[in-house]
Structures are given as C-alpha cells and as structure tokens.
Amino acid sequence: MVTHSKFPAAGMSRPLDTSLRLKTFSSKSEYQLVVNTVRKLQESGFYWSTVTGGEANLLLSAEPAGTFLIRDSSDQRHFFTLSVKTESGTKNLRIQCEGGSFSLQSDPRSSQPVPRFDCVLKLVHHYMPPAPCAVPEQPGGPLHPKRTYYIYSGGEKIPLVLSRPLSSSVSSLQHLCRKTVNGHLDSYEKMAQLPAPIKEFLDQYDAPL
C-alpha cells in the first residue's frame with residue numbers, strides 16, 4: 001500500500017485536500033486516477049470536497065428530490081461519496097474505486113449489475129435521465145426507455161434519481177461551452193473531425209455535465 005506523500009501531484013491545479021491525502025492508495029496508478037478525478041471534479045462545479053454527511057444533508061434539505069453533489073468520503077476505505085436528495089430524504093452512496101475504475105457501492109439485496117467507469121463524472125452521467133433529444137422515439141414504446149436503478153436504505157427500496165447537481169461554484173463560459181459540445185459528440189467520428197487544439201481541450205474534461 002502507498003500513500004499520497006510517495007507520489008507528488010505534478011500538474012494539479014492544487015494539492016489533494018487533507019481528507020484525501022490521508023488515505024491509502026493501492027498503487028501509483030490508483031493515485032493518479034484519483035488525482036485526475038479530483039481535477040475534473042474541481043472543474044465540474046458540484047464537487048463539495050471536504051463537507052461532511054451532515055453538512056451535505058443541510059445543503060440538500062431545501063432542494064427538490066433528484067438534486068445531488070459529490071464530496072470526499074468520510075470512510076477511509078473510499079475516496080468519494082454521492083449525496084442525493086430522495087423522496088425519503090438525503091442518501092449517501094459510497095463510490096468504490098477498484099481495478100482502475102469507479103462504481104457505486106452495491107447492496108447485497110440488489111441483483112442489478114453494477115456499471116464501472118474510468119471517471120466519476122461518467123458514473124454520475126450514467127444514472128441521470130437522457131436529454132430530451134438524446135434518445136429517438138421508438139414506435140409503440142416510451143420516449144426515453146431507461147432502466148431504473150434502486151438503492152436500499154432503512155429497509156426501503158428507493159429509485160435512484162439524479163436530476164440536477166447542486167452547484168458549489170460558478171463555471172466559466174468557456175467551460176459551459178465545453179460541456180455543451182461534449183453532450184453533442186456521440187461518436188468518435190465526430191470528435192476526429194475537430195481541430196487538434198479543440199480535441200485536446202475537450203479531452204481535459206470529457207463529460208457533458
């Protein structure tokens with residue numbers, strides 16, 4: 001096992017917060033994965049860093065169901081937590097980091113497969129509803145067919161709904177434009193047609209949220 005002090009965060013906009021620096025990393029590649037994830041989360045506008053579960057509950061208490069934020073996990077075995085307001089109150093879901101990918105911590109009572117992603121932002125986007133124009137209408141079927149995921153809390157089975165992030169900072173116009181472009185690049189061919197400087201800029205934050 002290795003710690004943050006073994007791997008200086010070269011190229012980061014700022015060092016890892018104390019709560020993450022005190023955690024143990026299984027490898028240098030895992031450390032770099034977390035460093036890159038923090039950089040993207042800092043740009044996302046809904047990363048609340050070191051707020052606690054209680055503070056997240058207060059932040060989300062007046063928000064509608066489906067509002068969520070990402071914060072550092074208070075559990076030493078995990079790096080990040082997804083806090084989401086549900087119809088039954090705020091729920092905190094640990095984000096697991098294993099084998100170079102992230103996933104929501106699964107419940108033994110759930111038989112649903114757990115998708116894995118190389119980025120926390122991609123994980124969050126997976127559980128959000130599609131944009132109105134993202135899924136073509138199917139004849140005789142629902143407009144936006146998407147599997148419902150459930151979380152288990154206090155004996156309840158609650159649908160996981162991620163509608164909108166709770167902003168922690170104001171994003172620049174440049175970043176807002178980048179997110180919009182990312183949301184419309186649904187194929188590698190479209191990306192390949194872009195000029196190299198634009199592709200590099202988009203690659204630095206490859207999520208539409």
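What is the accessible surface of the protein chain, and what share of it belongs to carbon and sulfur atoms? In this predicted model, the accessible surface amounts to about 11600 Å², and carbon and sulfur atoms account for 55% of it. Of the 209 residues in the protein chain, 39% are buried. The secondary structure consists of 7 helices and 9 strands. Among contacts with a separation of 6 or more, 49% are made by residues 24 or more positions apart.

Helix α2 spans residues 28-44 and contains 17 residues. The distance from its first C-alpha to its last is 24 Å, close to the 24 Å expected at 1.5 Å a residue. The buried residues of α2 are Glu30, Tyr31, Leu33, Val34, Val35, Thr37, Val38, Lys40, Leu41, Gln42 and Ser44. An α-helix has 3.6 residues a turn, so residues three or four places apart point the same way. Just after α2, glycine 45 adopts a positive phi of about 90 degrees.

The largest nonpolar core comprises 37 residues. Within this core, the residues with the most contacts are Phe68, Ile70, Phe80, Ile95, Val124, Leu160 and Leu162. At least two core residues are supplied by each of α2, β3 (67-72), β4 (80-86), β5 (89-98), β6 (101-104) and α4 (120-126). The largest share, 6 residues, is provided by α2.

Isoleucine 158 lies in strand β8, which covers residues 156-159. With a relative accessible area of 6%, isoleucine 158 is classed as buried because this value falls under the 20% cut-off. When residues up to four places away in sequence are not counted, isoleucine 158 touches Thr86, Ser88, Lys91, Tyr149, Tyr150, Ile151 and Ser153.

With a disulfide taken as a pair of cysteine sulfur atoms within 2.5 Å, the count comes to 0 disulfides.

Notes
Residues are numbered from 1 along each chain as its sequence is written. This is a predicted model: local features need pLDDT of at least 70, side-chain atom pairs count only at pLDDT 80 or more; totals for chains, interfaces and linings use all residues. Side-chain values use heavy atoms; hydrogens and water are left out. Helices (H or I, at least four residues) and strands (E, at least two) are DSSP runs, numbered from the N terminus. Buried means under 20% relative accessible area, exposed over 50%, partly exposed in between (1.4 Å probe, protein chains only). Contact means heavy atoms within 4.5 Å. Accessible areas come from the Shrake-Rupley method with a 1.4 Å probe; for residues, only the protein chains shown count as cover. The expected span of a helix is 1.5 Å times one less than its number of residues. A nonpolar core is a set of buried Ala, Val, Leu, Ile, Met, Phe, Trp, Tyr and Cys residues joined through side-chain atoms within 4.5 Å.
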